[in-house]
Amino acid sequence: MQVKTANSLRGFVDDEHIRHLDPLDFDIRLPSLWEANAAGDVRALLAILNDILPSLETTKAMSLPESVATIRDLGIVMGSVKRHGVEPVVAIPELEAPLRAIGERTGMIPRDTIHHYIRWNPTGRRERMYTGEPMEKLLMASVRISLPRLSAAVDVCTALHTAEAGDLDFALAANELAALVGAMEDSIDTVIADVTPEFFARTIRPYFEDIRIGEDTFLGPAAAHVPLALVDLLLWASDHSDSEYLKFVHESAIYGLEHWRPLYQEWGNAPSLAARVIGALERGPKGEVPLAMHASVEALCRTLRSLMVFRGKHLTVARKAYADEVRLYELGSGGGSIGLLTNITSLVKGMWHMLRGPAPRNTRSAT
Ligand code: HEM
C-alpha cells in the first residue's frame with residue numbers, strides 16, 4: 001500500500017512503515033517506562049513525557065506517518081501518568097497544542113486509540129506496552145488477531161451495502177464477511193487461554209482510563225473500539241437494535257478512522273443486511289431458494305453465529321473481571337457496562353434465530 005500524503009488518514013496508510021518509526025526516540029525509554037509504572041513513580045513518568053514532548057512547530061512539520069507514531073508514543077506515557085492518578089494535560093499543559101494539531105492532521109481524536117496501541121504498534125522488542133509483562137503482550141496479541149480483519153470487514157460491508165441481496169456478488173462478499181468476523185472468536189479464545197481476569201482488571205484496565213484535554217474527555221485505547229459496532233450496524237443493528245446499543249455504537253464513532261465516520265449515519269439510516277435478505281426471501285417464490293440467496297443467508301447466519309459465540313464467551317470473561325471482589329472500576333474502558341454486554345449478547349442471539357428461521361435449509365435451486 002502507498003503512504004498517502006493527504007491531510008488525514010483515509011485508510012491508505014502503510015501500517016508497517018508507521019510501526020517502524022520512532023520519531024520521539026522512545027525505543028530506548030521503554031525499560032524506564034515499565035520501571036516507573038511498576039514503582040508508581042509519577043515524577044519519573046512526567047519526566048519521560050516532558051523529554052519526548054515535541055514542540056508545536058516540530059509536530060506541524062511531521063509527515064502523516066510520523067504524526068501517527070508520535071501520538072502512539074505520547075499515548076502510552078499519558079495513559080501511564082493517568083493510571084497513577086494525574087491528568088497528563090493538566091500536569092503538562094504544553095501537551096495540548098501538539099495533541100490537537102496531530103488530531104486535526106490525522107482526522108482522529110487528539111490522543112491514542114486502539115489503532116495506535118495495536119495496529120500501529122511494532123511487535124517484538126520495540127512493542128509499546130504499559131507494563132512490559134508477557135500477559136499484556138498476550139492480551140495485545142488477541143486484539144492483533146481481530147482488529148485488522150474487522151477493519152477489512154468494514155470495507156466488505158461497504159460492498160455489501162451497495163450489492164443486491166440475492167446476487168452472487170452479495171453472497172461472495174457475505175462469505176468474506178463471515179471469515180473476517182470469525183476472527184472475533186479467535187481473539188476471545190486467545191484471551192481466555194492466556195489472560196487472567198485479575199490481570200485485566202487490576203493491572204491493565206487502569207491504563208485505559210479517560211484523559212482530559214482542555215474541555216474534552218477522551219476514552220483510552222479500549223478493545224471495545226475495534227470497528228465491530230460499525231459492522232453490527234449494517235449487519236443487523238440499524239433496524240433490530242435498541243436505543244442503548246445504538247447510543248454505544250454512535251458514541252464509539254469518534255474512536256475510529258475519519259473515513260468511517262459518515263458510515264455511521266449512512267448505515268444507521270439504511271435497512272440492515274439481515275432485514276434485506278429476510279425481505280428478499282419473503283418476496284421470493286415459495287419453496288425454492290435460488291443458490292446465491294441461499295449462500296447469502298447461510299453466510300450472514302454464520303457471521304451472526306460467530307458474533308453470538310464471541311459475545312457469549314466475552315460476557316463470561318467480562319463478568320469475572322468486573323465481579324465486585326475483583327474490579328477496580330464500575331464501567332469498561334469503552335464506557336459501557338456488563339448490563340450493556342448482556343443486552344448485546346441477547347440481541348445478537350435473537351437476530352441469529354430470526355435469520356435462521358425463514359431460510360429453508362434444504363431447498364435450493366441451481367440459479
Ligand atoms: C479480559 C479481557 C476483556 C475484558 C475483561 C473485557 C471487558 C469488556 C467490557 C466490560 C466491555 C463493556 C463496554 C466497555 O468496554 O466499556 C467490553 C466491550 C467490548 N469488548 Fe471487551 N473485554 C476483554 C477483551 C476483549 C477482547 C480481546 C476483544 C476483542 C477485540 C474485546 C472486544 C470488545 C468489544 C467489541 C466490545 C464492545 C461491546 C460488544 O461489541 O460486545 N474485548 N469489554
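How many Å² does the accessible surface of the protein come to, and what percentage of that surface belongs to carbon and sulfur atoms? The surface comes to about 15600 Å², and carbon and sulfur atoms hold 54% of it. Accessible areas here follow the Shrake-Rupley method with a 1.4 Å probe; for residues, only the protein chains shown count as cover.

**Notes for every view.** The model is predicted: local features need pLDDT of at least 70, side-chain atom pairs count only at pLDDT 80 or more, and totals for chains, interfaces and linings use all residues. Residues are numbered from 1 along each chain as its sequence is written, and side-chain values use heavy atoms, with hydrogens and water left out.

**Figure 1. The whole protein.** The protein has 18 helices and 4 strands. Helices (H or I, at least four residues) and strands (E, at least two) are DSSP runs, numbered from the N terminus. The radius of gyration is 22 Å, close to the 21 Å that the globule rule gives for 367 residues, so the protein is as compact as a globular protein of that length. That radius is taken over C-alpha atoms, and the rule is 2.2 Å times the number of residues to the power 0.38. Along the principal axes, the C-alpha atoms fill a box of roughly 70 × 50 × 35 Å. Of the 367 residues, 53% count as buried. Buried means under 20% relative accessible area, exposed over 50%, and partly exposed in between (1.4 Å probe, protein chains only). Among contacts with a separation of 6 or more, 79% join residues 24 or more positions apart. A contact means heavy atoms within 4.5 Å.

**Figure 2. Charged side chains.** The protein carries 38 positive and 47 negative side chains. The centres of the two sets lie 3 Å apart. Lys and Arg count as positive and Asp and Glu as negative; His and the chain ends are not counted. Each charge is placed at NZ of Lys, CZ of Arg, CG of Asp or CD of Glu.

Figure 3. Which residue is the only protein donor of the iron atom? It is His314, through NE2, at 2.1 Å. Donors are N, O and S atoms within 2.8 Å of the metal (3.2 Å for Na, K and Ca); water is not among the atoms, so sites may look incomplete. Histidine 314 is found in helix H17 (residues 291–321).

**Figure 4. Serine 306, also in H17.** Serine 306 lies in helix H17. The residue is buried, with a relative accessible area of 6%. Beyond residues up to four places away in sequence, serine 306 touches Val181, Gly182 and Glu185. Its C-alpha atom is 9.3 Å from that of alanine 179, 127 residues apart along the chain.

**Figure 5. Helix H12 and its cover.** H12 spans residues 197–204. Pro197, Phe199, Ala201 and Ile204 are buried there. The cover over the buried residues of H12 includes helix H9 (134–162) and H17.

**Figure 6. Alanine 153 in H9.** Alanine 153 is found in helix H9. Its relative accessibility is 0%, which counts as buried. Not counting residues up to four places away in sequence, alanine 153 touches Leu177, Leu180, Val181 and Val231. Glutamate 244 is 91 residues apart from alanine 153 in sequence and 24 Å apart in space, C-alpha to C-alpha.

Figure 7. Is aspartate 73 buried or exposed? Aspartate 73 is buried, at 0% relative accessible area. Helix H5 (residues 64–83) holds aspartate 73. Leaving aside neighbours within four places in sequence, aspartate 73 is in contact with Asp22, Pro23, Leu24, Phe26, Ile52 and Arg128. Aspartate 25 sits in the loop between helix H1 (15–20) and helix H2 (30–39). It has a positive phi of about 55 degrees although it is not a glycine. Aspartate 25 is partly exposed, with a relative accessible area of 49%.

**Figure 8. Threonine 342 in H18.** Threonine 342 lies in helix H18 (residues 338–356). At 31% relative accessibility, the residue counts as partly exposed. Leaving aside neighbours within four places in sequence, threonine 342 is in contact with Leu315 and Arg319. Arginine 276 is 66 residues apart from threonine 342 along the chain, and their C-alpha atoms are separated by 26 Å.
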